[in-house]
Amino acid sequence: MPALPPFLEALRARVILADGGMGSEIYDRGVFINRCYDELNLSADGLVRGVHRDYLKAGSELIETNTYGANRVKLAPHGLEGKLLEILRVGAALAREEAGGAAYVAGSMGPLGEGAKKMGLGEDEQQGAYAEVATALAEAGVDLLFLDTFTSVHDLQRAIVACRRATDLPVVASFSFHRGFIMGHTDFMLAPEDV
């Protein structure tokens, strides 16, 4: 099988079909939301592999790692922040192995959420938390970073800047809009050096 072209090169040439939600698939397979889905990379890797495999069988050309909530802030309530790097490394390895070189692997990164404020993290510390995840996923061999389902413009900007400073990998960002969002949020822009 010929090697895939670099992600951005392929994206310039055509539309790339990505997978669907990892969390919703895990839930549909019987794991309730009181569990840390990211930790399943370590304790239920067969389940995670099965989700990747099914998306690939359905035609996905890009799969996301099971690392959406794998950051120190989100893992802390589960007492798992000490396993962050292992969860990220194994999550990337599971996706890479299932992709088998026939699909792109995106390192999934979700928002830090309200926990960052509760922990009293400042701007630099929040950027550091995002950079830590971006660096680990890049070192684990993902093809790109996927900032998934952010709901705060300022948090998304913080994550993009952190990723750009941490790695040269392409960054894809998705945003979840809600009614009334546009009011008060029209001032969001990235400086050219941050893109």
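Mentor: Keep in mind that this is a predicted model. Start with the buried residues of α8: Q126, Q127, A129, Y130, A131, V133, A134, A136 and L137.

Trainee: What covers the buried residues of α8?
Mentor: Several elements do. Among them are α6, β2 (104-109), α7 (115-118), β3 (144-150) and α9 (153-166).

Trainee: What span should α8 have, and how far apart are its end C-alpha atoms?
Mentor: α8 has 17 residues, and at 1.5 Å a residue they should span 24 Å. The end C-alpha atoms are 24 Å apart, so the two values agree.

Trainee: And what follows α8?
Mentor: G141 does, and its phi is positive, near 100°.

Trainee: Back to packing. How do you describe two packed helices?
Mentor: With the angle between their axes and the distance between the axes.

Trainee: OK, what are those for α6 and α8?
Mentor: α6 covers residues 84-99 and α8 covers residues 123-139. Their axes come within 9 Å and cross at roughly 40°. That makes α6 oblique to α8. The crossing is right-handed.

Trainee: Which residues meet there?
Mentor: From α6, L84, L85 and L88. From α8, E132, V133, A136 and L137. By class, this contact of α6 with α8 has six nonpolar residues, no polar ones and one charged.

Trainee: Now α4. At what angle do α4 and α6 pack?
Mentor: About 40°, with the axes 9 Å apart. α4 is residues 45-57. The two helices are therefore oblique to each other. Here too the handedness can be read off: α4 passes α6 in a right-handed crossing.

Trainee: Which residues make the contact?
Mentor: On α4, they are D45, V48, R49, H52, R53 and L56. On α6, they are L94, A95, E97, E98 and A99. The residues of this contact divide into five nonpolar, one polar and five charged.

Trainee: Why might residues three or four places apart point the same way?
Mentor: An α-helix has 3.6 residues a turn, so residues at that spacing point the same way.

Trainee: New topic. What is the phi of T149?
Mentor: Positive, about 55°, although T149 is not a glycine. Most residues other than glycine have a negative phi.

Trainee: Where is T149?
Mentor: In strand β3.

Trainee: Buried, exposed or partly exposed?
Mentor: T149 is partly exposed, because its relative accessible area is 35%. Buried would need under 20%, and exposed over 50%.

Notes:
Residues are numbered from 1 along each chain as its sequence is written. This is a predicted model: local features need pLDDT of at least 70, side-chain atom pairs count only at pLDDT 80 or more; totals for chains, interfaces and linings use all residues. Side-chain values use heavy atoms; hydrogens and water are left out. Axes are lines fitted to C-alpha atoms, for helices over the stretch in contact, and angles run from 0 to 180 degrees between N-to-C directions. Helices (H or I, at least four residues) and strands (E, at least two) are DSSP runs, numbered from the N terminus. Angles under 35 degrees count as roughly parallel, over 145 as roughly antiparallel, 65 to 115 as roughly perpendicular and the rest as oblique. A crossing is left-handed if the near helix is turned anticlockwise from the far one by less than a right angle, and right-handed if clockwise. Contact means heavy atoms within 4.5 Å. Ala, Val, Leu, Ile, Met, Phe, Trp, Tyr, Cys and Pro count as nonpolar, Asp, Glu, Lys and Arg as charged, and the others, Gly among them, as polar. The expected span of a helix is 1.5 Å times one less than its number of residues. Buried means under 20% relative accessible area, exposed over 50%, partly exposed in between (1.4 Å probe, protein chains only).
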